[in-house]
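User: I have a structure open and want to go through it piece by piece. Could you take my questions one at a time?

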Amino acid sequence: MTARPDSQGSNGASPTVGVVLIGRNEGERLMRCLESIRGLAETVVYVDSGSTDGSVERAKEKGARIVALETDRPFTAARARNAGFAELARTGAPEFVQFVDGDCELDAGWIPAARDHLIAHPGIAVVCGRRREKYPEASIYNRLCDHEWNTSVGEAKACGGDAMMRTAAFSAVNGFNPGLIAGEEPELCVRLRAAGWKIWRLDREMTLHDAAMTRFGQWWKRSRRGGYAFAMGAALHGRPPERHWVRETRRALVWGAALPLAIVLGVLVFGPWAALLFLAYPLSVVRLARAGGADAWPRALFLTLGKFPEAIGALEYWLHRLTGRAGRLIEYK
């Protein structure tokens, strides 16, 4: 493992925190994000991925340092975060860096709490907290996001896009993989854990996220992106002992591709009785709903239905890989 910094900064002062904020046409969400960060960090870098809504100018007015990504290659969140970190490091990297997405608002107490936890636990590279959906009442899709982010507290295998990271650890593994169009945070965490670092989720509020997901098509596209990420992650780190996202990829392909194909072929070869295989889907909904909790039945339904776009995303990844095509960002809003 890379040598870790002491609890104090390199000059004996309290460890510094910089913020890397990324966005693309986030509009008022970006302004709320910048306002939530004000006064919480020494430096804020905003990385823009081709916005056309005046985001760059408005972020500059708020005092952020600006990085506008060139359009010579595809935009990805991983590429944007790396560029923001490079801008922070240009004038002396802080001990810790808080990554945040432009559609989120930071909780006022998060940065001090996350920084203190990293100071107290030198073996931890990344801390994250509770990301909540800002408008869960707006749609079932927003509520599904909120459930998805409510992961277990304590040592974790991965973080999301909002997290505070130890600069020394982030640099030691060369940051995010800029070629990933999704799933870049769990992939980074795989490499950090392989290097001996820990990932930790604190039991406290971190960010409010505005998914703005009110249409079925948005949910479908987001699920397709998830399947693409599963397949790409499994291709990179699917070998033992990690087996990164192998189970998720297989589950998507079995339920979203292999079983439908088996039903169709079964009906063609053996007759209409083969259509009884379709009962596997409602049975899956019932099994998942039995776990209970808020929105148990809608969550069970969409978890089962989601295997179809996930399978499409996974197959899309393999098609791109076999044909040598680069994947492009899958945006749902």
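User: Where is the place of Trp-245?
Analyst: One thing first: this is a predicted model. Trp-245 isn't a glycine, yet it has a positive phi of about 60°. As for its place, Trp-245 belongs to the loop between H8 and H9.

User: Does Trp-245 count as buried or exposed?
Analyst: Let's go by the cut-off, where buried means under 20% relative accessible area. Trp-245 comes in at 17%, so it counts as buried.

User: What kind of peptide bond joins Pro-240 and Pro-241?
Analyst: Pro-241 is found in the loop between H8 and H9. Look at omega for the bond between Pro-240 and Pro-241: the angle is about 0°. That peptide bond is cis.

User: Where does helix H9 bend, at which residue?
Analyst: H9 covers residues 246-270. The helix bends by about 40°. The residue at the bend is Val-254.

User: Which helices are included in what covers the buried residues of H9?
Analyst: Start with the buried residues themselves, which include Val-246, Ala-252, Leu-259 and Ile-263. Gly-256 and Gly-266 are buried in H9 too. What covers the buried residues includes H8 (216-237), H10 (280-289) and H12 (307-323).

User: Which residue follows H9, and what is its phi near?
Analyst: The helix runs over residues 246-270. Gly-271 follows H9, with a positive phi near 105°.

User: What about Asn-25: how large is its relative accessible area?
Analyst: Asn-25 sits in the loop between strand S1 (17-23) and helix H1 (28-37). Its phi is positive, near 55°, and Asn-25 is a residue other than glycine. Asn-25 is partly exposed, with a relative accessible area of 30%.

User: On to the rings. Why is the pair of Phe-170 and Phe-176 classed the way it is?
Analyst: A search of the whole structure finds 15 aromatic pairs. For Phe-170 and Phe-176, the ring centres are 5.5 Å apart. An angle between planes of over 60 degrees counts as edge-to-face. The planes of Phe-170 and Phe-176 are at 65°, so the pair is edge-to-face.

User: And the rings of Trp-219 and Trp-220, how far apart are their centres?
Analyst: The planes of Trp-219 and Trp-220 are at 65°, so this pair is edge-to-face. Trp-219 is buried at 6%, whereas Trp-220 is partly exposed at 26%. The centres of the Trp-219 and Trp-220 rings are apart by 6.4 Å.

User: Which residues form one aromatic cluster with Trp-219 and Trp-220?
Analyst: Trp-219 and Trp-220 are paired edge-to-face. The cluster that holds both tryptophans also takes in Tyr-141, Phe-216 and Phe-302.

User: Which charged end sits over the ring of Phe-176?
Analyst: Phe-176 is buried, with a relative accessible area of 2%. The charged end over its ring lies 5.4 Å from the centre. It belongs to Arg-81.

User: Which ring does the charged end of Arg-131 sit over?
Analyst: Check the distance from the charged end of Arg-131 to the ring centre: 4.8 Å. The ring is that of Trp-149.

User: Which residues touch the most other members of the largest nonpolar core?
Analyst: That core has 53 residues.

User: How far apart in space are Thr-167 and Glu-95?
Analyst: Thr-167 is found in helix H6 (residues 167-172) and is buried at 9%. Beyond its neighbours within four places in sequence, its contacts include Phe-85, Pro-94, Glu-95 and Val-97. Thr-167 and Glu-95 are 72 residues apart in sequence, but C-alpha to C-alpha they are apart by 5.4 Å.

User: Last one: what is the radius of gyration of the chain?
Analyst: The chain has twelve helices and nine strands. The globule rule gives 20 Å for 333 residues, and the value here is close to that, so the chain is as compact as a globular protein of that length. The radius of gyration is 21 Å.

Technical notes
Residues numbered from 1 in each chain as written. Predicted model: local features only at pLDDT ≥ 70, side-chain atom pairs only at ≥ 80, totals over all residues. Heavy atoms only, no water. Phe/Tyr/Trp six-rings, centres within 6.5 Å; stacked < 30°, edge-to-face > 60°. Buried < 20%, exposed > 50% of the residue type's maximum accessible area, 1.4 Å probe, protein only. Lys NZ or Arg CZ within 6 Å of the ring centre and 35° of its normal. Core = buried A, V, L, I, M, F, W, Y, C linked by side-chain atoms within 4.5 Å. Helix = DSSP H or I, 4+ residues; strand = E, 2+ residues; numbered from the N terminus. Contact = heavy atoms within 4.5 Å. Bend = angle between axes of the 7 residues up to and from the residue. Rg over C-alpha atoms; globule rule 2.2 N^0.38 Å.
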